[in-house]
Amino acid sequence: MKKTASKSKDAKTKKPAVGKPAAKTNKPAAKKPAAKVKKSPPKAVKAVKTAKSKGQDDSFIVDGKLALPYTYFAGRVGSKFITTIRDEKKIMGVRCPKCDKVYVPPRQTCEKDMTDIRDNWVELKNSGTVTNYTVVRYKDKHLPKKPPYVMALIKLDGADTPFVHVVEGVKPDKVETGMRVQAVFAEKTTSTILDIDHFEPLKEEKLSLIHI
Ligand SMILES: [Zn+2]
């Protein structure tokens, strides 16, 4: 009561006659919009408060899309694997001198005995055997071929580990494990594993399916 009385006195002294009603109506009117600004933060914050008040998790789902250019170092062993395919059209692996296991793609350490095998390179044949496969039936930017196409695990002759590549030249429903295939190198290099463009059925051995 005292405060309002003093304020009205101030208003009286500054603006007589007109100041009376103006001071009373303006002050509350000025407070209302200021309060509204404070109470109307971004919608997201509003939602957090609502969730917390209901005892729920204050989490959000945001739709978005990122284009993310990047560079990737294939490593010393991986680099030689790729550049030999690119420059010499040869598929190289590494053999462990201790257990004799041949890795393709190559790696620098044997998973069995942890031997350093990075410099023990061996050349493999371009032919191999499908050990498993799937049919890709959807289209996406990062996929190497137009669907439908076959992605297979192929164990090259002389290797003990399979690696993933595309099989073409055969209908997807005709592909089967044990199928013999051979590498077809790309005419234009991309300095990627796709310098082997794809694998295709090995014609002379097409009917002699090898049990794995
Ligand atoms: Zn080994």
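In strand β2, Tyr 103 is the bridge partner of Val 94, and that pair is a handy way into this predicted model. The two strands involved, β1 and β2, pair in the antiparallel sense over 2 bridges. They also make a hairpin, with 6 residues between them. Within the turn sits Asp 100, whose phi is positive, at about 75°.

On to the other partner of β1. Strand β1 covers residues 91–95 and pairs with β3 over 4 bridges, again in the antiparallel sense. Two of the positions can be picked out by name: Met 92 stands opposite Glu 123 in β3, while Gly 93 faces Val 122 in that strand.

Put together, the 3 strands give an open sheet that runs in the order β2-β1-β3, with antiparallel pairing. The edges are taken by β2 and by β3 (121–124), each of which pairs on one side only.

How confident is the prediction along the chain? The protein chain averages a pLDDT of 79, and 69% of the residues score at least 70. Among its elements, strand β2 (residues 102–103) has the highest mean pLDDT, at 98, whereas helix α1 (residues 2–14) has the lowest, at 42. Over residues 1–42 the pLDDT stays below 50, and this stretch has 9 contacts in the model beyond near neighbours in sequence. Residues 44–51 also fall below 50, with 6 contacts of that kind.

Terms used:
Residues are numbered from 1 along each chain as its sequence is written. This is a predicted model: local features need pLDDT of at least 70, side-chain atom pairs count only at pLDDT 80 or more; totals for chains, interfaces and linings use all residues. pLDDT is the predictor's confidence in each residue, from 0 to 100. Two residues are in contact if their C-beta atoms, placed from the backbone, lie within 7 Å. Two strands pair if DSSP finds at least two bridges between them.
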